[in-house]
Amino acid sequence: MTTTSSASPGAASAIAPASVVILDFGAQYSQLIARRVREARVYSEILPHNTPWEEIRKRNPRAIILTGGPESTLVEDAPGMDERVLTSGIPVLGICYGMHLIARDCGGTLIPSTIREYGHAELALDPERVSPLFKGMPAQSVVWMSHGDTVTQLPTGFEPLARTARTEIAALGDDRRKLYGVQFHPEVAHTVHGRRVLENFLYDVAGLQPTWQMGSFVDDAVARIRAQVGNAKVICALSGGVDSAVAATLVARAIGQQLTCVFVDTGLLRAGEAEEVTAAFRDVMHLNVRCIDARERYLKLLAGVVDPERKRVLIGHEFIKIFEEQAADLPDVGFLVQGTLYPDVIESKTKDSKTGHKIKTHHNVGGLPEHMKLKLIEPLRLLFKDEVREVGRVLGLPEHIVNRQPFPGPGLAVRVLGAIDEGRLAILRAADKIVREEIDGAAGLRSLPWQYFAVLTPLKSVGVMGDGRTYANLVAIRAITSEDGMTADWARLPFDLLARMSTRIVNEVDGVNRVVYDITSKPPATVEWE
């Protein structure tokens, strides 16, 4: 077993051909840009903004996109990029902060605006200039703005392409050098013709063809995993969710019998989940699976811990310890597979997302120890949840596994708010089982919510049951609609369905006398309560 290597960023470090390189300046929606590019059937890869040109060039980019970011180009030590990005002759599109960077580095002028622009705005194209960036666009359209600084003077060679009521230069371009910038965010759904803008850049400006498919990702990932692993042995952390299932299957396709899967029953799983997961991976997916009973170990570790960040870090560290112990029983194990997704990475703000703002630590990203005995394989690290499901289908996984709703790595530890013990876990399991049964069996729902579950709060309230006073727990129900988990809205469940869940929970779960429904979107909330 390898004993001195540290964690590696996995897929982000692999050198593979890419049609579009996206330089990340800390935007919360960097991966959404990659998603839109892939939806246009063009492959893309996200790199940190300060990646040296030599590393960018190895990706063989046909186009480069500069993301937005939370900083200002006007401050000292503002995030920048290798100057050769703008002199390489490769088409570049800057979005928000990326546009400011193009304007600044090419000799334009920016100022902090006294009137900031957030939310919807009406974009008006310059009628005197027909830019390939806005081919097929109406003269006016709705876009989404989120900026404070403003370009006031264009660099030499650039022309203004569009404006809004508050921003005179809302888009700029140099057709000769194929350098373009937009102040708005074409990657978000609120920009009505945003996809058209990105497709115009990809197809008409950069000359790319819509030829990439998810099968191509699978083939490339298999080749990279084989090259990375060689003859070493690999263990995979199975949680029971679609992410680890797809990651395990992908790695198994690459290296076959070199892979051993390890499923840890932490005691933080939903009702009946340990048995279901074991059967699915052994009998349906035919993987080599070891099952580890660590319930007492985790309960002892988390006893009295209230802070959610502390929970996640403790779970992450123990998670690695268990797998290193298992690896010690297997010869020549040097790698650990995880089903980490990109939303986990950007919310945790790891060293690979240098300028992002930390939202919370994910147990399998920011919660990992700084030094590990095993190297990481994270083949899904640059994918959204819906893209992972598509990979699962390409790999031939059954639909009941592919469509399984997301479940957090720390499990019920982040759904029992406050201190954890077996009694509180039992209450939550019972309530959560009712929520899932009622929503799964509900008639009349056009589609199931993207995610739905119960939360045990630390609150108690007065109630009356059987003509007697009670002072018992409050359970919250959370159900959301989403495409990728980056943004979400609360699901508009029928009132009679909510009533059935509430009635059953209060009547069937000892220790609960009140149920509430969470109607908060993401943002400002996150999907999980902790």
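This note sets out, in numbered points, the main features of a predicted model of one protein chain.

1. Basis of the note. Because the model is predicted, local features need pLDDT of at least 70 and side-chain atom pairs count only at pLDDT 80 or more, while totals for chains, interfaces and linings use all residues. Residues are numbered from 1 along each chain as its sequence is written, and side-chain values use heavy atoms, with hydrogens and water left out.

2. Overall composition. The secondary structure of the protein chain comprises 14 helices and 18 strands; helices (H or I, at least four residues) and strands (E, at least two) are DSSP runs, numbered from the N terminus. Of the 530 residues in the chain, 59% are buried, where buried means under 20% relative accessible area, exposed over 50%, and partly exposed in between (1.4 Å probe, protein chains only). Among contacts between residues at least 6 apart in sequence, 75% join residues at least 24 apart; contact means heavy atoms within 4.5 Å.

3. The sheet. An open sheet is formed by five strands in the order E12-E11-E10-E13-E14, with parallel pairing. Strands count as paired if DSSP finds at least two bridges between them. The edges are strand E12 (289-293) and strand E14 (375-377), each of which pairs on one side only. From one strand to the next, the twist averages 30°.

4. Strand E13 within the sheet. Strand E13 (residues 333-337) pairs with E14 in the parallel sense over three bridges, and four bridges join E10 to E13, again in parallel. Individual positions can be located in these pairings: Leu 336 stands opposite Leu 376 in E14, Phe 335 has Lys 375 in E14 as its bridge partner, and Lys 233 is partnered by Val 333 in E13. E13 is mostly covered, with five of its five residues buried.

5. Helix H6 against the sheet. H6 packs on the sheet and touches strand E10 (233-238), strand E11 (259-265), E13 and E14. The direction of H6 makes about 165° with that of E10; angles run from 0 to 180 degrees between N-to-C directions, and axes are lines fitted to C-alpha atoms, for helices over the stretch in contact.

6. Helices H5 and H6. Helix H5 (residues 214-229) and helix H6 (residues 242-255) pack at an angle of about 65°, and their axes are 9 Å apart. Their crossing is right-handed; a crossing is right-handed if the near helix is turned clockwise from the far one by less than a right angle, and left-handed if anticlockwise. On the H5 side the contact involves Phe 217, Val 218, Ala 221, Val 222, Ile 225, Arg 226 and Val 229, and these meet Leu 250, Val 251, Arg 253, Ala 254 and Ile 255 in H6. The residues of this contact divide into 10 nonpolar, no polar and two charged. In this division Ala, Val, Leu, Ile, Met, Phe, Trp, Tyr, Cys and Pro count as nonpolar, Asp, Glu, Lys and Arg as charged, and the others, Gly among them, as polar.

7. Phe 217. This residue lies in helix H5 and is counted as buried because its relative accessible area is 4%. Leaving aside neighbours within four places in sequence, Phe 217 is in contact with Trp 212, Arg 224, Leu 250, Pro 379, Leu 383 and Val 391. The C-alpha atoms of Phe 217 and Pro 379 are separated by 9.9 Å, although the two residues are 162 residues apart along the chain.

8. Asn 200. Helix H4 (residues 194-205) contains Asn 200, which counts as buried because its relative accessibility is 5%. A polar atom of its side chain lies 3.1 Å from the backbone oxygen of Leu 133. Not counting residues up to four places away in sequence, Asn 200 touches Pro 132, Leu 133, Phe 134, Lys 135 and Val 205.

9. Asp 518. In the segment after strand E18 (512-517) is Asp 518, buried with a relative accessible area of 9%. Its side chain makes a polar contact of 2.9 Å with that of Thr 520 and another of 2.8 Å with that of Trp 529. A polar contact is a pair of N or O atoms within 3.5 Å; within protein, one must be able to donate a hydrogen and the other to accept it, and residues adjacent in sequence count only if both atoms are side-chain atoms. Leaving aside neighbours within four places in sequence, Asp 518 is in contact with Ile 477, Arg 478, Trp 490 and Trp 529.

10. Gly 304. The loop between helix H8 (295-302) and helix H9 (308-328) holds Gly 304, which is exposed, with a relative accessible area of 59%. The C-alpha atoms of Gly 304 and Gly 418, 114 residues apart along the chain, are separated by 8.3 Å.
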